[in-house]
Amino acid sequence: MKNIAFIFGTRPEIIKLAPVILTLKKYPEDYNVIICNTEQQKELSNQTLAYFGLKADINLDCMRENQSLSSVQARILTSLDKVFNENKIDATIVQGDTMTVLCGALTSFYHKIPVFHVEAGLRSYDIYEPFPEEVMRQMTSRVAALHFAPTDVNKQALLREDISENKIHVVGNTVIDALFCLSQEVIEKSEQFYKEKNIPIDDKLVLITAHRRENHGERIDRIIEAISYLAKKYDDHTFVIPVHPNPNVRIKIHERLGNISNIHLLTPLDYPYLVYLMKNAKLILTDSGGIQEEAPSFACPTLVMRYETERKEGIDAGVSMLVGADYEKILEESEKILSSTKEATRLKAQNPYGDGTASIQIEKIIREYFND
């Protein structure tokens, strides 16, 4: 039996690792799964774990208010070092490009334990867009023993960085697997949730998320101004914003958008409630990475409020578009969709990020790795 440590700390990491955890748990004679939550997003991460019926074996409580990147890195590294000293671990699985991912990979490397990187090979090639994630995922790639790349584009990026081809496996993105976990009961519960909040879920729904570090400051100001203009012009549409708890974002959004009647500001949503919005949205405005991958499954046009994206497959396939924090461009592209009907603006292209079998493929590759 192999002791496999899953190390994560944010909601997107859990969403994308949960299908892999659940798949490995189907083979208790082969894998002992150890779930370690750094709690980089404490409330969001634990909330999302519960949705998948999972609970962390180890909680590290590493976040402090307004801490620097250096201090949180030091805290996570120190906490994980203790975890590795106190537990026998045969492999570490991390996902994506967060501080937790880098620290999990580094600590594993220091203990000479193989790292398996889910969602490997995403690149923007601009170390400040997204910041600091671009550097974190590149550094993680240097120590990973297995790279689970969502697409061939990601594989080619790794090959250009002299990663051995036999370490790279194109499996699709596990976020698509997670979407298939939604039961009819969960969908009905989500519908009731919005009814109780008097939020109409119809063909004129706009979903907005904005939280990325590089969009703080003047950029979030321009994004908020654009949202305000659109909500007032299209006052027959419903704008829903799950507000990120980071005070750099939360305070400004509530102060400047809280009094517009057709804008609904919500606390961070449980995963199925967010999926329900994506499934029903006419338009999505986001700077999130995960939503760029999920929205195409629902044929929803997505405007990405970033200047660079490591998910270029969606741009190339025409299922998403970069608009940055450019006030004029956000308005121009949003109005093209909002001024038309939902039916007329549905995407025709297939989701380029996978078919929902990634976690099954990953388990087989891990099994082969240990057998070899």
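K342 comes out as buried here, because its relative accessibility is 14%, below the 20% cut-off. Keep in mind that this is a predicted model. Below is a quick tour of the charged pairs, a couple of individual residues, and the nonpolar cores.

**Salt bridges**

- The whole structure holds 26 salt bridges.
- K342 pairs up with D203, with 3.9 Å between the closest N and O atoms. K342 sits in the loop between α14 (327-338) and α15 (358-371), while D203 is in the loop between α8 (184-196) and β8 (205-209), so this bridge ties together parts 139 residues apart in sequence.
- K16 has a salt bridge to E119, at 2.6 Å from N to O. E119 belongs to the loop between β5 (115-118) and α5 (133-143) and K16 to helix α1 (residues 11-24), so the pair links parts that are 103 residues apart in sequence.
- K16 also forms a salt bridge with E293, again with an N to O distance of 2.6 Å. Since E293 is in helix α12 (residues 289-294) and K16 in helix α1, that pair ties together parts 277 residues apart in sequence.
- How buried are these charged residues? K16 has a relative accessible area of 4%, so it counts as buried; E119 is buried too, at 7% relative accessibility, and so is E293, at 1%.
- K16, E119 and E293 belong to a salt-bridge network that also includes D97, E134, R137, R306, E310 and R311.

- K155 is part of helix α6 (residues 152-160), and at 17% relative accessibility it counts as buried.
- Leaving out residues up to four places away in sequence, K155 touches A149, E165, I168 and V170.
- R219 is in helix α9 (residues 218-233). A polar atom of the R219 side chain lies 3.3 Å from the backbone oxygen of E214.
- Beyond four places in sequence, R219 is in contact with E129, E214, Y307 and A325.

**Nonpolar cores and a covered helix**

- The largest nonpolar core has 56 residues, and the members touching the most others are F6, I93, F148 and Y194.
- Apart from that core lies another of 29 residues, including I224, I227, I330 and L331.
- Contacts of I93, setting aside neighbours within four places in sequence, include I4, A5, F6, L17, F116 and I366.
- Helix α11 (residues 271-280) is mostly covered, with nine of its ten residues buried. Among the buried ones are Y271, P272, Y273, M278 and N280.

Definitions and conventions
Residues numbered from 1 in each chain as written. Predicted model: local features only at pLDDT ≥ 70, side-chain atom pairs only at ≥ 80, totals over all residues. Heavy atoms only, no water. Helix = DSSP H or I, 4+ residues; strand = E, 2+ residues; numbered from the N terminus. Polar contact = N/O pair within 3.5 Å; in protein donor to acceptor, adjacent residues only side chain to side chain. Contact = heavy atoms within 4.5 Å. Core = buried A, V, L, I, M, F, W, Y, C linked by side-chain atoms within 4.5 Å. Buried < 20%, exposed > 50% of the residue type's maximum accessible area, 1.4 Å probe, protein only. Salt bridge = Lys/Arg side-chain N within 4 Å of Asp/Glu carboxyl O.
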